[in-house]
Amino acid sequence: MTPRKTRLWLQPSYLAVMVPSVLVLATLVVCAIFADWISPYDPLKQDLISALQPPSARHWLGTDDLGRDVLSRLIHGCRIALIAAAEATGIAVLIGVPIGMFVGFRGGWWDWITMRIVEAMVSIPGIMVAIVIIAILGTGLHRAMFALGILYSTAFLRLARSVVLAEREEVYVKSARVIGASPSRVLLRHIFPNIAPPLIVQITLTVGAVLLAEAGLSFIGIGVQPPNASWGTMLNTAAVFMDLAPFLALPPGLAIVATVLSVNLLGDVIRDSIGRGIRTATPPRGRVQRAATVASDPVMPREDDVLRVEGLEVFVTAKTGEEVQVLSDLSFSIARGETLGLVGESGSGKTITGLAIMDLIGAGGRVTGGKVMLDGIDLRGLSRRRMIEVRGNDVAMVFQDPTTSLNPAYTVGNQIAEVLRRKKGLGTTEAQKQTVELIDRVGIPGAAERAKAYPHELSGGMAQRIAIARALSCNPKLLIADEPTTALDVTVQQEILDLFRDLQEEFGMAMLFVTHDLAVAADICDRISVMYAGEIVETAPVNALFATPRHPYTAGLLSASPHGSDGTPPLPTIPGSVPTPGQWPEGCRFSARCPYATAACKVRVPLIQGVRCVRSDEIRPGRAA
Amino acid sequence: MGRLIAQRLLAMLPLLLIVSFLTFSLTAMLPGDPADLILGDRATEAQYRMVHERLGLDQPFLLRYVQWLQRAVLGDLGTSFFNSVRVMDAVAQRIPATVSLTLASVLISIVVGLSAGVAAALRPRSWIDRLATFGATIGQAIPNFWFGILLAGVFAVNLRWFPATGYTPFGQSPLGWLSSITLPALALGLSTSAAIARQVRSAMVGVLQQDYVRAALAQGLSRRRVIFKHALKNALIPVVTVLSFQVTVLLGGALIVEHVFAINGIGSLAVAAVRQQDIPMIQGIVLVLVMIVMAVQLCTDILYGLINPKARPA
């Protein structure tokens with residue numbers, strides 16, 4: 001588990017990108033420097049008799065319209081490309097960085113006017129800005145590159161300015177000024193070093209852009225002027241003789257693509273390695289653990305059961321790519337009109353239980369065992385299409401945070417009406433009418449008006465009422481409420497709980513109420529199942545559970561709860577924390593934190609008569625544990 | 001929505017003023033006397049004075065700017081230095097080709113980018129996902145005019161499916177317009193579409209993990225409906241914000257790609273003007289392009305307000 005720091009660019013995936021890129025660029029530089037020695041011919045020497053020839057032994061890449069050797073021109077084009085990139089990027093840095101630092105440091109009118117000019121330049125297509133500057137300066141390589149330098153200086157200007165603005169407020173800069181360092185000294189000594197990393201990244205981006213722009217300008221005839229060999233002018237010739245010598249377009253084009261691609265890819269590597277020293281955490285090696293099967297009591301079928309979950313087992317894929325078990329041996333039932341509370345600390349598997357029932361765990365996980373019986377039908381055996389029908393119609397869900405569980409892009413009325421139309425097949429007007437009725441039913445005044453509101457225009461409590469209205473729109477048999485009051489203001493919580501109670505009385509649905517708050521559970525639930533590390537450790541009617549908890553964990557929870565204890569300090573807490581999935585002990589999962597743990601707890605414990613503890617009868621943990 | 005548009009329009013005014021001022025300053029930045037450009041080397045003193053008077057060069061700079069701006073607002077961008085063509089007429093004649101090429105490429109990049117992006121988001125690491133990533137990387141490195149040459153070589157010269165050069169106005173023949181615009185629009189649009197696909201993909205992947213997507217699924221809505229109604233609208237929000245930038249890039253690219261297909265658009269007009277240092281023409285072209293860019297920005301702002309309720313002024 002030791003995180004070790006690796007040099008990013010030494011990792012194989014990066015080397016595979018870097019080695020070819022560096023090779024391409026090295027070739028470019030060598031060709032540029034030694035062009036006169038390497039090229040087989042003079043790039044300007046015409047030979048009209050052998051014009052427009054395809055590649056041959058004499059001319060490896062053929063000849064152009066004037067019989068000039070394409071390979072030689074390509075090699076000399078490397079020199080132009082290198083000069084172009086260096087000149088334009090250099091000018092951009094030299095113009096942009098000082099001005100950016102100055103206006104960032106100085107602020108005020110200087111800053112305002114400069115930034116408006118920059119905005120104006122950025123609002124025009126870059127190539128047009130370059131064209132305008134060339135109109136003033138005239139055509140030709142160096143003038144065109146000066147134009148590009150001015151064009152791309154805006155990026156450097158913004159970059160330098162933003163770094164200065166950020167650093168200016170830093171304590172060390174302020175203190176340097178307090179001790180009387182001159183502004184230029186502060187700029188150079190303290191701020192400039194911080195510009196270097198983003199500057200390097202911006203330079204790689206600019207080099208790629210310059211190469212493309214130079215080719216474009218030369219191509220349309222206002223950059224490098226013929227007969228000089230630049231890749232852009234070569235492409236210009238190629239475009240003219242497209243039908244006679246289609247091959248002409250390939251060498252310069254491929255040269256541009258290879259060069260720009262290499263620069264960009266190298267830039268990516270540099271950006272990544274500057275951005276963060278990659279930490280590679282070695283995933284914990286070990287067995288993919290699967291909880292042993294265990295002979296728990298079967299769930300007793302009751303006459304009016306709506307939901308019966310039997311032996312549910314769920315695995316999810318962890319970030320390391322390993323599958324870890326998050327639920328095991330999970331069984332419970334809920335009758336019509338009954339509310340079962342699923343209580344436990346975060347990470348105990350409460351939420352995933354709700355999602356597993358609805359088959360909504362997503363691609364990252366899967367149900368590997370057990371049954372989810374809804375009205376006697378195993379939902380796990382249903383086709384995807386049938387399951388879609390079940391959702392909303394038979395089972396609905398209310399989520400923790402109403403501000404995220406309602407779609408911000410649609411009005412709340414639209415989101416309820418959509419369900420009514422899709423699931424109940426209502427027409428638009430009827431759906432609209434019922435929507436307003438539902439919103440009214442969940443206690444929101446001015447329902448017709450509120451239906452037109454967007455989620456962000458409602459308070460959290462009101463948004464949760466909307467979410468409840470939507471969940472109940474098709475009159476489901478089972479409502480799963482996943483911490484529905486946790487994200488709400490304390491004063492609103494009680495109102496929402498009352499609403500749930502009223503609605504249950506009216507609609508008669510069974511309710512699975514997931515919460516970590518025992519007081520909330522005591523308020524609304526008929527029975528409570530306490531979860532710990534992916535399994536139920538105790539299930540009991542609410543009064544019995546609070547009066548005589550039979551599992552040491554339940555007892556610990558009760559005494560740790562400010563509502564559960566009589567308020568006398570100090571508030572006891574359970575030492576330690578819930579073991580994460582994948583780290584469960586083989587026997588009783590609570591044993592590591594349990595004051596009563598013995599050797600008998602080292603084996604897997606079944607849930608017998610509603611409690612998963614081998615010593616439950618002898619220790620009687622009781623309230624005061 | 002009316003208020004949003006008014007707000008945006010008002011916010012654009014200062015920018016337009018600055019751009020117009022910078023463009024106008026071009027005459028002042030030009031080394032030498034513009035009259036030299038017009039008259040050539042052998043001109044008499046009287047001719048000089050006449051030209052100066054006609055161009056208003058004997059008046060103060062700021063006054064000339066105000067007068068020029070007044071005329072520009074009324075649609076008069078002056079006349080070319082070199083022939084008596086009115087700048088407005090020349091630009092108006094060339095603009096349809098450039099704009100329709102840009103629009104067609106925008107359309108291609110959005111349609112292709114959107115579908116590829118959504119497909120890639122739904123199936124991470126599938127072939128379409130890899131293709132979008134690969135395409136975006138390559139697309140950044142390919143000069144679109146070279147891509148245009150390749151397309152023309154294959155589909156116009158070899159297969160003869162499309163004309164290799166020229167532009168047919170839509171009014172003249174809609175089909176002819178379509179076939180003349182297809183290759184250049186593909187050359188421009190495809191590389192941008194890969195970039196858009198990548199943006200859509202990353203936005204979509206983020207949105208698909210949101211609670212409201214799960215909540216919509218929990219409500220029993222079909223996966224398709226959740227993806228294309230609930231997720232897509234939210235995923236488009238960040239995409240729309242960069243759309244106007246992409247359109248600006250495409251407009252710039254159009255000026256060069258026109259050259260490949262010998263389309264007489266703004267690009268060739270600008271190149272000719274640059275070679276002759278025809279300042280009024282360049283000023284006119286820049287102003288018109290800026291207006292187009294601003295119109296695009298306004299459209300994307302409106303679009304942004306439409307899909308993102310939080311962006312609407314209360």
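Two strands are taken to pair if DSSP finds at least two bridges between them. By this criterion, in the predicted model considered here, strand 5 (residues 339-343) and strand 11 (residues 527-532) of chain A pair in the parallel sense, over four bridges. Within this pairing, A:Gly341 has A:Ile528 of strand 11 of chain A as its bridge partner. In general, the strands of a sheet pair through backbone hydrogen bonds, in either a parallel or an antiparallel manner.

At the level of domains, the assignment for chain A comprises domain 1 (7-41 + 61-279), domain 2 (305-527) and domain 3 (536-619). Taken over C-alpha atoms, the centres of domain 1 and domain 3 of chain A are separated by 65 Å.

A:Leu307 is located in strand 3 (residues 305-317) of chain A. This residue counts as buried because 25 other C-beta atoms lie within 10 Å, the threshold being 20 or more. With residues up to four places away in sequence left out, A:Leu307 touches A:Ser333, A:Ile334, A:Met373, A:Leu374, A:Leu478 and A:Ala510. A separation of 9.4 Å is found between the C-alpha atoms of A:Leu307 and A:Leu512, which are 205 residues apart along the chain.

Chain B contains 12 helices and zero strands. Its C-alpha trace spans about 85 × 55 × 35 Å along the principal axes. Of the 314 residues of chain B, 45% are classed as buried. Among contacts in chain B with a separation of 6 or more, 74% involve residues 24 or more positions apart.

Helix 1 (residues 2-29) of chain B has 28 residues and extends 40 Å from its first C-alpha to its last, close to the 40 Å expected at 1.5 Å a residue. A bend of about 30° occurs in helix 1 of chain B at B:Leu13, with a proline, B:Pro14, following within four residues. The buried residues of this helix include B:Val19, B:Ser20, B:Leu22, B:Thr23, B:Phe24 and B:Thr27. Their cover includes helix 4 (108-123) of chain A, as well as helix 2 (34-39), helix 4 (61-73) and helix 12 (279-307) of chain B.

Contacts between the two chains involve 57 residues of chain B and 58 residues of chain A. On the side of chain B that touches chain A, at least two residues each are supplied by helix 1, helix 6 (127-141), helix 7 (144-158), helix 9 (211-218), helix 10 (223-260), helix 11 (266-276) and helix 12 of chain B. Helix 10 of chain B gives the most to this side, with 11 residues.

Terms used: Residues are numbered from 1 along each chain as its sequence is written. Chains are lettered from A and ligands numbered from 1 in the order in which they are written. This is a predicted model: local features need pLDDT of at least 70, side-chain atom pairs count only at pLDDT 80 or more; totals for chains, interfaces and linings use all residues. Domain bounds come from an automatic or database domain assignment. The expected span of a helix is 1.5 Å times one less than its number of residues. The bend at a residue is the angle between axes fitted to the seven residues ending there and the seven starting there. A residue is buried if 20 or more other C-beta atoms lie within 10 Å of its own, exposed if 12 or fewer, and partly exposed in between; C-beta atoms are placed from the backbone. Two residues are in contact if their C-beta atoms, placed from the backbone, lie within 7 Å.
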